[in-house]
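Keep the sequence and the 3D view open as you read.

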Amino acid sequence: MKEKKLKAYHQKRNFQKTNEPKGKKRKSKKKGPLQFVVQWHDATKLHFDFRLEYEGVLFSFAIPKGPSFNPLDKRLAIQVEDHPLDYATFEGVIPKGQYGGGTVLLWDQGEYEVEGLMQEGLKKGVLKLTLNGKRLKGKWTLVRINKDHEKKQWLLIKEKDQYAKKTAGISRFKTSILSQKTMKEIAKNNFKNPFLQVDVQLAELKKDFPKEKGWLYEIKYDGYRVIAFIEKDKVQLKSRNQKDYSTSFEDVIPSLIRLANHRSMVLDGEMVILDQQGVSHFQDLQQWIKKKNDSPLTYVLFDILALDGKDLRNLPLIQRKEILAQLIKEPLDHLLYSQHVIDQGKQLFAYAQKYHLEGIMGKKMDSSYHGHRSEDWIKIKCYHRQEFVIGGYTFSEKKDRPIKALLLGVYENKQLQYVGKVGTGLSQKMQKDFLQRLKEVKGTKNYFSKAIKSKEKIVFLKPKYIAEVQFAEWTKEGLLRQASFKGLREDKKVKDVFLEQDSSNLVIQNIPITNPNKIVFVKEKIKKIDIIQYYDQISTSMLPYLQNRFLSVVCCPKGTNQCFFKKHLYHSLQGVKTKTIQTNNQKETYFYIQDTQGIVAQAQLGTIEFHCWGSQVQKLNQPDIMVFDLDPDEKLSLAKVRQGVKDLKQILDDLSLVSFLKTSGNKGYHVVVPFQAKVKWEKFRDFARHVAQLMEQKWPDRYTANMQKNQRKNKIFIDWMRNIKKATSVAPYSIRVKNGRVSVPISYQELKNVTPDQFTMEDVLMRIKTKKDPWKNFFDIRQTLQ
């Protein structure tokens with residue numbers, strides 16, 4: 001009898017054509033409230049479907065006029081075939097020509113309780129219900145209106161209680177409680193995904209588990225990271241570097257279409273091959289891609305980024321996973337929902353070790369989806385394993401095994417750093433296929449940053465291919481020990497391969513570094529660690545202009561889209577000094593640094609730009625550095641800006657003042673004049689203003705000393721206001737927030753060849769090693785204002 005409950009439902013539907021859930025009868029709950037659902041169904045005639053969970057199925061009624069909150073209304077409810085419990089979340093379009101063809105909108109959902117026993121109520125033909133839905137609430141009664149059970153006609157009546165109304169009260173509800181779409185919107189299915197590509201969320205490598213609660217943990221699967229874009233029953237599968245895998249992994253597409261059920265969505269997951277124990281192996285997936293493995297493909301889904309045209313990435317992870325779990329209630333071929341545990345990482349890791357898995361993932365439950373590497377997601381591996389760039393191989397005389405070992409590297413500061421060799425795991429069959437591919441990228445030089453010492457003959461390769469390698473540990477020399485080749489990765493870019501390190505113990509200048517691999521500049525792919533290492537290396541050149549001067553800094557701890565200006569510090573910070581001064585009848589606390597540790601400490605907190613006062617802490621009221629910022633109108637040519645530098649230099653030369661030049665890192669140049677700290681701020685400011693006004697008087701069509709925007713059209717604003725007390729100017733060698741470029745000291749002779757935003761961090765570090773310092777004599781100048 002139980003097996004026949006869904007027989008009528010199955011007989012009426014062709015599940016090759018309809019996306020309705022096939023479903024199975026489930027065991028009934030023994031205790032607690034049961035669910036009910038109301039679906040608005042635009043089929044041959046518009047009507048409502050009222051369904052009650054009972055004995056593992058949905059006991060269902062069609063209500064032509066819909067439910068009414070008015071106790072005087074008696075609404076006809078025609079009993080129809082039982083539906084599977086999975087139908088409780090169904091919303092979409094049933095194809096024309098199919099049973100019930102039309103649009104289904106999820107109108108209400110909740111829990112219900114029945115007075116007495118359901119079985120006795122059915123026998124008597126009276127069911128007294130208490131509904132607790134999003135829209136239907138309170139006491140309701142279902143009454144069978146004839147004794148002929150075969151006709152199955154009932155009346156749905158609202159009982160008098162606090163929810164009763166004098167009207168039907170349902171006409172105001174026009175949208176779905178699931179998607180918030182109207183019937184027409186569901187029918188048209190015009191919702192497009194809010195983005196067509198996405199930067200994936202990446203994890204930091206860790207050895208230890210977080211101490212705080214609020215983490216969920218999942219198995220780390222060993223395959224290809226794949227994003228699924230589903231829209232209008234079409235699916236595109238993309239790798240993390242935007243490579244299209246829709247053809248390669250076409251086996252999963254029918255199941256994804258059925259999962260989407262005419263809705264648009266973006267899913268994140270791992271494409272894998274699972275063995276009989278449910279364990280994924282990267283090599284098996286590679287064999288599958290080469291058509292040498294007939295095991296079924298599995299797409300493990302662990303996140304949803306968009307649904308019905310709405311971007312979900314800012315929702316907390318736990319909410320996104322709940323939405324995803326609701327979508328994957330019914331088992332589908334080739335799809336697997338990534339289950340998780342909460343705050344039980346050590347237990348899950350023990351399980352991963354027992355079954356020789358790659359490791360586990362930890363994710364903050366309240367984290368949004370940033371689209372870059374951060375400590376919101378962490379990975380804890382059971383063994384050392386990562387990707388390396390193949391930069392060459394050592395040649396073997398054996399004909400059947402011409403490759404003795406692959407030479408491996410990672411990128412650091414845009415240079416390929418050698419990290420060792422791997423020979424184990426390169427089978428004879430693999431070498432035959434692989435050698436042909438390597439010949440296509442044979443190089444003419446060593447692409448590693450340093451020479452490679454080897455007794456064997458080396459064949460260098462252009463960096464194109466990435467190897468997945470497992471190894472025992474790192475040697476003291478920073479080379480791989482007991483490395484084993486696991487396969488080629490074609491889902492990543494070589495420039496994205498860097499040395500994965502446990503960031504928990506990363507310390508620079510005695511400052512612990514957190515989130516080192518967080519992407520700060522998305523377009524330029526500049527990480528937090530890149531910025532910190534730059535400031536650490538440039539500090540010797542930068543400190544003379546920065547130390548012992550009050551600072552204002554631009555901080556971007558969450559990336560350059562969310563920055564703020566900071567000029568006060570009210571707590572102690574390693575490497576940073578503070579001083580409280582009296583200004584305008586109030587006390588203000590400013591901060592300054594004296595050494596490299598202070599610069600690194602600020603960079604660790606997210607500081608990108610350093611701006612400093614024109615006076616030193618020891619002589620706050622006697623400035624010694626004057627700055628003129630040439631700020632051009634946006635339409636002005638670079639040639640005119642360069643001419644402005646020449647004109648300003650000429651005026652300063654006529655005044656017998658030695659000046660220096662630097663790029664702004666943005667769109668202009670800075671002319672800087674050193675002085676002995678002799679005069680007060682007022683006189684210093686007035687002199688700077690007079691110089692700017694002199695330029696304006698001499699060339700009124702070129703320059704203005706007025707900061708008003710309407711005065712700058714087709715002109716250069718000679719910004720003299722950097723020379724007022726408390727005002728700051730960007731420090732030499734500071735990175736700029738706009739694009740990650742650097743403000744760099746140059747000589748006047750370089751002006752004709754150097755653009756204001758020319759220098760990257762790498763350029764600057766190379767420049768200080770290979771060129772003489774154009775500001776070498778800056779602090780030897782002994783000029784004063786009279």
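How many cavities of 30 Å³ or more does the structure hold? The structure holds 4 of them. This is a predicted model: local features need pLDDT of at least 70, side-chain atom pairs count only at pLDDT 80 or more, and totals for chains, interfaces and linings use all residues. Residues are numbered from 1 along each chain as its sequence is written, and side-chain values use heavy atoms, with hydrogens and water left out.

**Domains**

**Largest cavity**

- A cavity is a set of points, on a 1 Å grid over the protein atoms alone, where a 1.4 Å probe fits but cannot get out; lining residues have an atom within 4 Å of a point.
- Volume is the space filled by probe spheres set on the points, and grid points are joined across faces, edges and corners.
- The largest cavity holds about 530 Å³ of space.
- Its lining has 33 residues, and Lys220, Arg225, Glu270, Lys379 and Lys492 lie nearest its centre.
- At least two lining residues come from each of strand 11 (202–205), strand 12 (215–219), strand 20 (359–364), strand 21 (373–381) and strand 22 (384–395).
- Strand 21 gives the largest share, 4 residues.
- Strands (E, at least two residues) and helices (H or I, at least four) are DSSP runs, numbered from the N terminus.
- The largest cavity lies between domain 2 and domain 3, because both give residues to its lining.

**Second largest cavity**

- The second largest cavity has a volume of about 150 Å³.
- It is lined by 17 residues, with Cys612, Ile625, Val627, Val672 and Ser729 nearest its centre.
- Strand 39 (625–632) and strand 44 (729–730) are the elements that give two or more residues to this lining.
- The lining divides into 11 nonpolar, 3 polar and 3 charged residues.
- Domain 4 and domain 5 both give residues to this lining, so the second largest cavity lies between them.

**Helix packing**

- Axes are lines fitted to C-alpha atoms, for helices over the stretch in contact, and angles run from 0 to 180 degrees between N-to-C directions.
- Helix 9 (residues 528–546) and helix 13 (residues 761–770) pack at about 25 degrees, with their axes 11 Å apart.
- That makes helix 9 roughly parallel to helix 13.
- The axes of helix 11 (residues 638–654) and helix 12 (residues 681–698) come within 11 Å and cross at roughly 120 degrees.
- That makes helix 11 oblique to helix 12.
- Angles under 35 degrees count as roughly parallel, over 145 as roughly antiparallel, 65 to 115 as roughly perpendicular and the rest as oblique.

Methods: On a 1 Å grid over the protein atoms alone, a cavity is a set of points where a 1.4 Å probe fits but cannot get out, and a pocket is an open set with protein on both sides within 12 Å along at least five of seven lines; lining residues have an atom within 4 Å of a point. Domain bounds come from an automatic or database domain assignment. Ala, Val, Leu, Ile, Met, Phe, Trp, Tyr, Cys and Pro count as nonpolar, Asp, Glu, Lys and Arg as charged, and the others, Gly among them, as polar.
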